[in-house]
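Please keep the coordinates open while you read.

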Amino acid sequence: MRFFITGWLLFFSILAEAQNPVETFLFSGYIFSEDSVPVENAHLINYRDTKIVTTDSTGRFSIFVQPDDSLMINHLSLQPMVIHANKGKTSSN
């Protein structure tokens, strides 16, 4: 009887996890200095999964994130900054 109950609990816990797929989306943009110069080789670090992406020579980056992930921007010429990724308009990010 214990085996039967344990099996059902395990089955329902797996089923509950399978019904909540994680939504990810591509978050991309540009990083510029205060002088409107593209920042090359700036690092964006996702706090949730510690993935790191680097900007190219035009300051562009792209990273797959989940809604409301926090990304830290780090570069020698910039003050560290945290941004929150969402699917909204660019101005809201």
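1. Start with Phe61. This is a predicted model, and in it Phe61 has a relative accessible area of 6%. That is under 20%, so Phe61 counts as buried. Phe27 also has a relative accessibility of 6% and is likewise buried.

2. Next, the aromatic pairs. How many aromatic pairs does the count come to? The count comes to two. In one of them, the ring centres of Phe27 and Phe61 lie 5.9 Å apart. Their planes make an angle of 50 degrees, so this pair is tilted. Stacked would need under 30 degrees and edge-to-face over 60.

3. Are its members buried or partly exposed? Tyr30 is partly exposed, at 46% relative accessible area. Phe32 is partly exposed too, at 43%.

4. Now the overall layout. The chain has one helix and six strands. From the N terminus, the order is α-β-β-β-β-β-β. Of the 93 residues in the chain, 25% are buried. The chain exposes about 7,100 Å², and 60% of that comes from carbon and sulfur atoms. Take the contacts between residues at least 6 apart in sequence: 46% of these join residues at least 24 apart.

5. The sheet deserves a look. Four strands form an open sheet in the order E3-E2-E5-E6, and the pairing is antiparallel. Which strands are at the edges? They are E3 (52-54) and E6 (81-84), each of which pairs on one side only. On average, neighbouring strands of this sheet are turned by 25 degrees against each other, direction ignored.

6. Within that sheet, check E2 against E5. Strand E2 (residues 43-46) pairs with E5 in the antiparallel sense, over four bridges.

7. Leu71 is in strand E5. Its relative accessibility is 0%, so Leu71 counts as buried. Leaving aside neighbours within four places in sequence, Leu71 is in contact with Phe27, Leu44, Ile45, Asn46, Ile63, Val65, Met81, Val82 and Ile83. Phe27, from the tilted pair, is among these contacts. For a distance check, Leu71 and His43 are 9.5 Å apart, C-alpha to C-alpha, and 28 residues apart in sequence.

8. Asp69 needs its own point. Asp69 lies in the loop between E4 and strand E5 (70-74). Is Asp69 buried or exposed? At 6% relative accessibility, Asp69 counts as buried. The side chain of Asp69 makes a polar contact with the side chain of Arg48, at 3.0 Å. The Asp69 side chain also reaches the backbone nitrogen of Gln66, at 3.0 Å.

9. Last, the surroundings of Asp69. With neighbours within four places in sequence left aside, Asp69 is in contact with Asn46, Arg48, Ile83, His84 and Ala85. Arg48, the side-chain polar partner, is one of this group.

Definitions and conventions. Residues numbered from 1 in each chain as written. Predicted model: local features only at pLDDT ≥ 70, side-chain atom pairs only at ≥ 80, totals over all residues. Heavy atoms only, no water. Helix = DSSP H or I, 4+ residues; strand = E, 2+ residues; numbered from the N terminus. Buried < 20%, exposed > 50% of the residue type's maximum accessible area, 1.4 Å probe, protein only. Contact = heavy atoms within 4.5 Å. Areas by Shrake-Rupley, 256 points an atom, 1.4 Å probe, with all protein chains shown as cover. Phe/Tyr/Trp six-rings, centres within 6.5 Å; stacked < 30°, edge-to-face > 60°. Polar contact = N/O pair within 3.5 Å; in protein donor to acceptor, adjacent residues only side chain to side chain. Pairing = 2+ DSSP bridges. Axes fitted to C-alpha atoms, helices over the stretch in contact; angles between N-to-C directions.
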